[in-house]
Amino acid sequence: MTSKDIDWTKFDELIEASKQTTADFFKIKELDSKEKELCEEQQKLRQERKEISDKYSQEYTDKLNDRLDKYGILTVITSNDHGEAYIISATEDVMKIRFLSNYGQRKNELDISVKELKEKGFVKYEKGHDCIDTCYIVDKITNPLYVFEIIEFRLKQEIKDLERNLKWGKDKVEDGSKCIKESTEKLKEFSKVSDGKIKKVFNSISFGVTNLSIDEVLKALPREIKLYEVEEYKDEKATDSKE
């Protein structure tokens, strides 16, 4: 059991401290009450959400299904891929669809014309117009020329890819030829190694290796040092042009 006498000389200080303590504990009760209200509101919101989402829940996944698949699943064709495009919503004029691109890394949502989709069997979206790549959203095409339009689109993309590879290859050949020529010229320096080259390497390793001077080392070496037999570089492009 503990007892402590009141210090009446500090009673005014006690009164002020009491005011703060009373205010703090009142605030704690107020916040507890507000937190309880928020928790109850959160529970109501969660329950409301659950009741709605349960209608669209799919087995074995947390993803929700729009439940519009029974009305149709479209096909999306890009320059190098194709997959499914799902209907999110529809009005008389506009259908909103969703599909994945970039090998499933990017989610796209587009508004397409219902009239165009019905008449042509597909809608084309150009790159940069709400989508990352030019794509065709297809229902069912009956006109063979429209089918060829998509085939041509794919073939032109293949041409672009090959042209890009061709340019890359030509650049590499050009860089390679330049590298071969420069390296061949530098290798010639090793067919007759100069004193300067030997001195340069000596200066980089001499510390802690020898007390000999570079002149003593050079004096002990043959008059000519050949470390490499150089093959003459032939520029095949120049040879081909002569032929």
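So, what share of the contacts in this protein with a separation of 6 or more comes from residues 24 or more positions apart? It's 33%, where contact means heavy atoms within 4.5 Å.

Quick housekeeping before we go on. This is a predicted model, so local features need pLDDT of at least 70 and side-chain atom pairs count only at pLDDT 80 or more, while totals for chains, interfaces and linings use all residues. Residues are numbered from 1 along each chain as its sequence is written, and side-chain values use heavy atoms, with hydrogens and water left out.

Okay, the overall layout. We've got six helices and six strands, where helices (H or I, at least four residues) and strands (E, at least two) are DSSP runs numbered from the N terminus. Reading from that end, the order is α-β-β-β-β-α-β-β-α-α-α-α. The protein has 243 residues, and 17% of them are buried. By buried I mean under 20% relative accessible area, with exposed being over 50% and partly exposed in between (1.4 Å probe, protein chains only). The exposed surface comes to about 20700 Å², and carbon and sulfur atoms supply 53% of that; those areas are Shrake-Rupley with a 1.4 Å probe, and for residues only the protein chains shown count as cover.

Now, the inside. A nonpolar core here is a set of buried Ala, Val, Leu, Ile, Met, Phe, Trp, Tyr and Cys residues joined through side-chain atoms within 4.5 Å. The largest one has 15 residues, and among those with the most contacts inside it are Leu74, Met95, Phe99 and Ile137. At least two residues each come from strands 1 to 6 and from helix 2 (114–120). Strand 3 gives the largest share, three residues. Take Leu74: not counting residues up to four places away in sequence, its partners include Met95, Ile97, Ile112, Leu117 and Ile137. There's also a second, separate core of seven residues, including Phe122, Val138, Ile150 and Phe153.

What about the cysteines? Cys135 is another of the residues with the most contacts inside the largest core, and it counts as buried because its relative accessibility is 1%. Cys39 is partly exposed, at 39%. The structure holds zero disulfides, taking a disulfide as a pair of cysteine sulfur atoms within 2.5 Å.

Next, Thr134, in the loop between strand 5 and strand 6. Is Thr134 buried or exposed? Buried, because its relative accessibility is 11%. Leaving aside neighbours within four places in sequence, Thr134 contacts Ile77, Thr78, Ser79, Lys124, Tyr125, Glu126, Lys127 and Phe153.

Thr134 and Phe153 turn up again at the second largest pocket, where they are among the lining residues closest to the centre, along with Asp133, Gln157 and Lys160. That pocket holds about 220 Å³ of space. A pocket, on a 1 Å grid over the protein atoms alone, is an open set of points where a 1.4 Å probe fits, with protein on both sides within 12 Å along at least five of seven lines, and lining residues have an atom within 4 Å of a point. Points join across faces, edges and corners, and the volume is the space filled by probe spheres set on them. Helix 3 (residues 144–187) supplies the largest share of the lining, six residues.

Staying on helix 3, Glu149 sits there and is partly exposed at 26%. Apart from neighbours within four places in sequence, Glu149 contacts Phe122, Lys124 and Tyr136.

Last one: Lys115, in helix 2, is exposed at 56%. Its C-alpha atom is 9.8 Å from that of Met95, 20 residues apart along the chain.
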